[in-house]
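Thanks for coming, everyone. Please have the viewer open. I'll keep this quick.

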Amino acid sequence: MALAGRTALRWARLRGPCPAAVPLCLPPWLPAGPRPCQRLCSSRGKEKLDMSTYPVENIRNFSIIAHVDHGKSTLADRLLEITGTIAKTDHNKQVLDKLQVERERGITVKAQSASLFYSHEGANYLLNLIDTPGHVDFSYEVSRSLSACQGVLLVVDANQGIQAQTVANFYLAFEAQLAIIPVINKIDLKNADPERVEKQIEKLFDIPVDECVRISAKQGTNVEKVLQKVIEKIPPPQCNTADPLKALVFDSTFDHYRGVIANIALFGGEIQKGHKVVSAHTKKRYEVNEVGILTPNEQPTHKLYAGQVGYLIAGMKEVTEAQIGDTLFLYKQPVEPLPGFKSAKPMVFAGMYPVDQTEYNNLKSALERLTLNDSSVTVHRDSSLALGAGWRLGFLGLLHMEVFNQRLEQEYNMSVIVTAPTVPYKAVLSSAKLIKEYGKAEITIINPAQFPDKLSVSEYLEPTVLGTIVTPQEYIGKIITLCQDRRAVQKDMLYIDERRVILKYLFPLNEIVVDFYDALKSLSSGYASFDYEDAGYQAADLIKMDILLNGNPVEELATVIHNDKAYATGKFLCERLKDAIPRQLFEIAIQAAIGKKIIARETLKAYRKNVVAKCYGGDITRRMKLLKRQAEGKKLMRKIGNVEVPRDAFIRVLKRPTEK
């Protein structure tokens with residue numbers, strides 16, 4: 001059967017119909033899903049659109065921004081249905097959330113774009129919509145999306161009101177000088193209070209009440225009015241088709257058969273199949289194979305014109321060739337590159353290693369392709385005595401780290417070991433020898449194993465963030481206590497209305513990175529929301545704490561902590577490790593140490609056989625002899641036995657118990 005399948009495929013490719021037309025002969029060893037030829041045929045078979053019928057003044061580029069779970073993706077679904085982009089069915093739930101991790105978690109992780117065609121007052125408009133994530137860990141996706149837009153829909157839940165990420169996203173759009181249309185969603189809920197939310201928007205953002213649009217995205221109520229507001233309030237892009245080509249790459253994905261697919265926004269000129277384009281970043285030249293728009297699936301077009309947003313395939317085979325923020329221009333028509341994007345600043349670092357070192361090259365390839373799609377992740381080569389060769393990755397937060405790890409498993413079938421997350425510290429060196437070695441007086445430490453000794457350092461610096469907490473007023477007392485426990489300093493307190501308060505605190509980053517968000521949610525019954533932004537570094541009394549198993553340090557569990565919290569953290573880690581490590585046939589001493597000083601210890605008892613069970617009565621010396629021989633055997637076993645820390649122990653050990 002397999003031979004017949006191969007022959008049929010080969011014959012079809014050379015002489016006959018497309019292989020997609022020979023489904024019965026396909027051998028079982030081919031992977032599931034569309035064949036390469038079917039993908040190519042489907043793009044060839046689609047009728048190409050003529051985009052010249054949409055002049056610049058009839059184009060609107062906008063994003064949907066909001067806090068988590070305020071209904072961005074649901075609103076995007078309704079807009080796609082109203083404009084006829086997708087068929088109206090009951091199955092249209094989070095159509096733009098294409099990743100498996102997004103479906104499973106019910107959150108948006110990647111910004112996704114779609115082009116909508118809409119007729120208003122006798123004119124045809126092209127609306128380019130970008131649906132963005134709502135969680136603070138993915139705010140880089142939001143800021144990137146806004147660079148391709150002229151306006152935003154700021155969605156606010158009519159029940160929950162303004163939350164922390166609503167405020168953060170508003171200021172991102174405000175600083176980019178975009179037109180802002182406030183949309184109050186979920187007015188169909190029983191506890192919805194749109195009047196209160198309108199007053200909050202007016203007080204905080206200085207947007208008049210009459211500019212707010214009340215909708216129910218789930219039921220489709222008043223959604224048509226949103227499209228009309230987009231056309232009236234959002235200006236068209238300021239660009240001209242007569243100018244030379246200038247295209248911004250704002251996102252990209254990798255396809256095994258077609259190479260890199262770049263999402264582009266045109267700020268001038270036009271582009272079509274056959275054009276020779278040059279990358280401003282790599283200076284490499286490419287021939288355009290296909291251009292088109294996303295509806296939300298790929299729809300090839302004859303050309304793309306200034307002001308339009310679409311995709312481009314130009315035979316880029318290497319993942320490093322499509323840099324996000326790059327500018328593309330026509331060969332021999334160079335232009336001034338666009339400003340691009342400010343690179344994301346990682347907040348959390350973790351080591352990532354293959355479970356089996358033979359998988360190193362496969363993991364390297366998977367990381368390159370995934371970081372092409374998620375450019376906010378930073379990658380540095382690293383190695384560990386226990387885990388072998390790997391990488392030190394920088395993420396924007398713990399959720400970002402978990403989602404990245406999940407995508408590696410689901411999309412690339414890679415199983416990895418992730419070490420405990422840490423934050424980047426700085427040390428001001430006092431030793432002339434070390435300053436000469438590093439070439440500078442201030443070094444950044446992203447791996448606790450590289451933490452310099454106190455004798456050679458004049459001061460340590462830790463990263464801080466300015467946190468914004470929005471909460472109902474009845475939870476203020478508990479939240480202030482939680483913040484004080486995390487060494488935070490209060491900066492501001494503002495009442496939005498009679499029921500909700502904004503608190504601003506300066507936090508050390510390592511105090512909030514692992515589980516602060518979980519603790520805040522449980523204290524406030526899920527009503528409080530949290531957002532943070534970088535606030536530089538401050539001096540701190542830091543120390544490195546090692547975890548020893550039977551006297552041997554476990555490099556992957558070493559942590560840098562504040563001196564005041566050393567004893568409590570050491571005791572906690574030892575207790576957690578006692579639960580996480582399986583019992584052995586020999587006793588295991590779990591110790592927390594600062595330098596040579598042991599500050600906490602837990603003992604994991606050995607499995608014991610009852611060696612005196614066969615003794616009944618008789619002399620006591622017989623019993624003592626058997627017990628002594630057992631103790632000697634255990635001692636010898638402890639010398640040569642290795643203790644294995646389970647893979648999932650690293651994150652489990654660091655999670656603190658929920659604070660009541």
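Just after α3, glycine 84 takes a positive phi of about 75 degrees. Helices here are DSSP runs of H or I with at least four residues, strands are E runs of at least two, and both are numbered from the N terminus. A word on the source: this is a predicted model, where local features need pLDDT of at least 70, side-chain atom pairs count only at pLDDT 80 or more, and totals for chains, interfaces and linings use all residues. Residues are numbered from 1 along each chain as its sequence is written, and side-chain values use heavy atoms, with hydrogens and water left out.

Back to α3. How many of its residues are buried? Nine of 11, so α3 is mostly covered, where buried means under 20% relative accessible area, exposed means over 50%, and partly exposed is in between, with a 1.4 Å probe and protein chains only. The buried set is Lys72, Ser73, Leu75, Ala76, Asp77, Arg78, Leu79, Leu80 and Glu81.

Next, threonine 85. Threonine 85 sits in the loop between α3 (72-82) and α4 (100-105). Leave aside neighbours within four places in sequence, and threonine 85 is in contact with Leu80, Ser115, Leu116, Thr295 and Pro296. Contact means heavy atoms within 4.5 Å. Take tyrosine 118 as well: it is 33 residues from threonine 85 along the chain, and their C-alpha atoms are separated by 9.6 Å.

Lysine 283 has phi near 65 degrees. Its loop runs between β10 (276-279) and β11 (285-287). Is lysine 283 buried or exposed? Exposed, because its relative accessibility is 61%. Asparagine 550 has a positive phi of about 55 degrees. Asparagine 550 is in the loop between β27 (542-549) and β28 (552-553). At 19% relative accessibility, asparagine 550 counts as buried.

Asparagine 510 lies in helix α13 (residues 509-512). Its relative accessibility is 15%, so asparagine 510 counts as buried. Which side chain does the side chain of asparagine 510 make a polar contact with? That of tyrosine 425, at 3.0 Å. A polar contact is a pair of N or O atoms within 3.5 Å; within protein, one must be able to donate a hydrogen and the other to accept it, and residues adjacent in sequence count only if both atoms are side-chain atoms.

On to a helix pair. The axes of α5 (residues 139-146) and α6 (residues 164-175) come within 10 Å and cross at roughly 30 degrees. That makes α5 roughly parallel to α6. Axes are lines fitted to C-alpha atoms, for helices over the stretch in contact, and angles run from 0 to 180 degrees between N-to-C directions. Under 35 degrees counts as roughly parallel, over 145 as roughly antiparallel, 65 to 115 as roughly perpendicular, and the rest as oblique. From α5, the contact uses Ser139, Val142, Ser143 and Leu146; from α6, Gln165, Asn169, Leu172 and Ala173.

Last, the whole chain. There are 17 helices and 31 strands. Buried residues make up 53% of the 660 residues. Of the contacts with a separation of 6 or more, 69% join residues 24 or more positions apart.
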